[in-house]
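The sequence and the model are shown first, and the description follows.

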Amino acid sequence: MMGVVWSLLGILSGAFIAIQAPINSQLARGLGLPVAAAAFSFLSGAIVLGIISVTVVRLQGISLDWKAPAPWLFVAGGMLGGFYVTLSTILTPRIGAAALMAFLVAGQLLAGMLIDRIGFLGVAVREISLGRVAGAVLLLVGALLVRLY
């Protein structure tokens with residue numbers, strides 16, 4: 001049962017990404033600068049997540065261990081997210097939301113396969129099989145069909 005719930009939450013998360021791209025593109029049109037739209041998107045998200053984090057820490061009576069993570073981890077995810085949001089903001093009006101989402105998923109799958117193969121940051125190692133390669137090729141072909149037709 002929980003597997004279904006997690007899967008549905010994954011689908012909802014993907015829908016949020018699809019909805020976020022045109023919202024940020026509209027903000028960029030209004031502001032006149034895509035990177036500014038991405039910055040405000042991150043700022044508002046950071047404020048909301050900060051409030052939620054402080055609330056959860058207080059309610060659960062826990063404290064965060066700021067010394068445990070490697071220092072580069074504090075900026076790496078945000079930096080990658082900044083590139084993602086900025087590029088999505090730029091690409092959405094140019095290629096459309098559906099094509100962007102198709103290419104995003106294809107890029108995520110290819111990167112995910114590489115991450116699995118090398119065991120990046122403790123991810124369980126999984127070999128690149130013929131089935132995985134076939135799935136990636138089909139996804140790339142699908143992304144191209146969404147973009148071109």
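Predicted model: local features only at pLDDT ≥ 70, side-chain atom pairs only at ≥ 80, totals over all residues.

## Helix H2 and its surroundings

Helix H2 covers residues 34–60, and its 27 residues reach 38 Å from the first C-alpha to the last, close to the 39 Å expected at 1.5 Å a residue. Four residues of H2, namely Ala-36, Ala-37, Ala-38 and Ser-41, are buried. The partners against which the buried residues of H2 pack are helix H1 (2–31) and helix H3 (73–95). After H2 comes Gly-61, which has a positive phi near 65 degrees.

When residues up to four places away in sequence are not counted, Ser-41 touches Gln-20, Asn-24 and Val-85.

## The contact of H3 with H4

The axes of H3 and H4 come within 7 Å and cross at roughly 135 degrees. The two helices, H3 and H4, are therefore oblique to each other.

On the H3 side the contact involves Tyr-84, Ser-88, Leu-91, Thr-92 and Ile-95, which meet Ala-97, Ala-99, Leu-100, Phe-103 and Leu-104 of H4. By class, this contact of H3 with H4 comprises 8 nonpolar residues, 2 polar residues and no charged residues.

## Gly-112 in helix H4

Helix H4 spans residues 97–118 and contains Gly-112. Along the chain, Gly-112 and Leu-148 are 36 residues apart, and their C-alpha atoms are separated by 25 Å.

## Salt bridges

How many salt bridges does the count give? The count comes to 2 salt bridges. One of the pairs is Asp-116 with Arg-132, whose side chains meet at 3.2 Å, N to O. This pair links distant parts of the chain, with Asp-116 in helix H4 and Arg-132 in helix H5 (residues 130–148), 16 residues apart. Asp-116 is buried, with a relative accessible area of 16%, whereas Arg-132, at 28% relative accessibility, counts as partly exposed.

A salt bridge also joins Glu-127 and Arg-117, whose closest N and O atoms are 3.5 Å apart. Here too the pair links distant parts of the chain: Glu-127 lies in the loop between H4 and H5, Arg-117 lies in helix H4, and 10 residues separate them. Arg-117 counts as partly exposed at 37% relative accessibility.

Most residues other than glycine have a negative phi. Leu-121 has a positive phi of about 55 degrees although it is not a glycine. The location of Leu-121 is the loop between H4 and H5. Leu-121 is exposed, because its relative accessible area of 58% is over the 50% limit for that class.

Definitions and conventions: Residues numbered from 1 in each chain as written. Heavy atoms only, no water. Expected span 1.5 Å × (residues − 1). Buried < 20%, exposed > 50% of the residue type's maximum accessible area, 1.4 Å probe, protein only. Contact = heavy atoms within 4.5 Å. Axes fitted to C-alpha atoms, helices over the stretch in contact; angles between N-to-C directions. Parallel < 35°, antiparallel > 145°, perpendicular 65-115°, else oblique. Nonpolar A, V, L, I, M, F, W, Y, C, P; charged D, E, K, R; others polar. Salt bridge = Lys/Arg side-chain N within 4 Å of Asp/Glu carboxyl O.
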